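My notes follow the structure.

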Amino acid sequence: MQYILHTKIMLKNTTIKTPPSEITLYIKTLLFGLSIFGLFYGYTSWLAIPGVLNKSAADTAVFLMGASMLLSGICYFWNIFDPLIRFRKHLGLIGFAFGIAHLALSFSALQSLLKVETWQKGLMWPALTGLLAMMIFTVMALVSNSRTARLLGGKWWRRVLRTGYLALILVLVHVVLLKSGRWMTWYQNGMETLPSLSLLISIFMMVVILMRVALWLELKRKQQ
Ligand code: HEM
């Protein structure tokens, strides 16, 4: 009798950890993404900068996709963050969805690429860098499933996903071209308000890129 009771208590206390389902991971990431979007929307509205919806969508896209890339470095250097690595794909894909929303809201800027005048005046770079980045992110989104991973083989699959860093550099150029004038004015006016989100998100992109360089150097050092 005592043995049965003991076994029952043991069973009750044992939590058999099953990994969360894909749908749970997507829902959690979506809620996180929407919270970030809400935060960015509130901040940009508070700064009374126009075009809040488009800007918040663009910045959320960068934040989520950047966080997805940042996770490999963070989890390598600090084991405490290891449980978060399972969100990598979901962060990337939900961030990509925000990127599509930004693209849809910037359709007129995209259309400017179809005008000869844009190219003649050399005004194509902001939209062109954004478009190239979006193309890379689209390829990444298309291959981010286990079937394509098996088809490509681990080595090539990882290589394709690494092009995300090139896309991030293109986005950084895109934002600097569009926003650096505003940043300068803000700086010259004595930085009376809090910085715009575009400046903060650009610093974040630099952190993501630097973290990848740090990881690459560390892996190289270990190989020697
Ligand atoms: C063809 C592709 C793209 C076009 C035509 C485009 C167009 C634009 C335009 C017109 C703005 C200025 C918006 C404003 O000031 O209200 C902007 C800003 C921005 N774009 Fe893009 N974009 C493209 C792709 C991308 C991609 C792929 C990303 C990254 C996921 C991105 C991230 C950003 C960011 C972070 C800003 C600054 C938002 C802010 O001011 O806070 N863009 N883009």
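**Helix packing notes**

I began with helix α3, residues 52–77, against α10: the packing angle is about 20 degrees and the axes lie 9 Å apart. The model is a predicted one. For the hand of the α3 and α10 crossing, I noted left-handed.

Next I looked up the residues that make this contact. From α3 I listed Lys-55, Asp-59, Val-62, Phe-63, Gly-66, Met-69, Leu-70, Ser-72, Gly-73 and Tyr-76. From α10 I listed Leu-197, Ile-201, Phe-204, Met-205, Val-208, Met-211, Arg-212, Ala-214 and Leu-215. Sorted by class, the contact of α3 with α10 has 13 nonpolar, three polar and three charged residues.

I then turned to helix α9, residues 154–188, and its packing on helix α10, residues 197–223. Here I found an angle of about 150 degrees, with the axes of α9 and α10 10 Å apart. That makes α9 roughly antiparallel to α10, the cut-off being over 145 degrees. I recorded the crossing of α9 and α10 as left-handed.

On the α9 side I wrote down Tyr-165, Leu-168, Ile-169, Val-171, Leu-172, Val-175, Val-176, Lys-179 and Trp-183. They meet Ser-198, Leu-199, Ser-202, Met-205, Val-208, Ile-209 and Arg-212 in α10. I counted the classes for α9 with α10 as 12 nonpolar, two polar and two charged.

Notes
Residues are numbered from 1 along each chain as its sequence is written. This is a predicted model: local features need pLDDT of at least 70, side-chain atom pairs count only at pLDDT 80 or more; totals for chains, interfaces and linings use all residues. Axes are lines fitted to C-alpha atoms, for helices over the stretch in contact, and angles run from 0 to 180 degrees between N-to-C directions. Helices (H or I, at least four residues) and strands (E, at least two) are DSSP runs, numbered from the N terminus. Angles under 35 degrees count as roughly parallel, over 145 as roughly antiparallel, 65 to 115 as roughly perpendicular and the rest as oblique. A crossing is left-handed if the near helix is turned anticlockwise from the far one by less than a right angle, and right-handed if clockwise. Two residues are in contact if their C-beta atoms, placed from the backbone, lie within 7 Å. Ala, Val, Leu, Ile, Met, Phe, Trp, Tyr, Cys and Pro count as nonpolar, Asp, Glu, Lys and Arg as charged, and the others, Gly among them, as polar.
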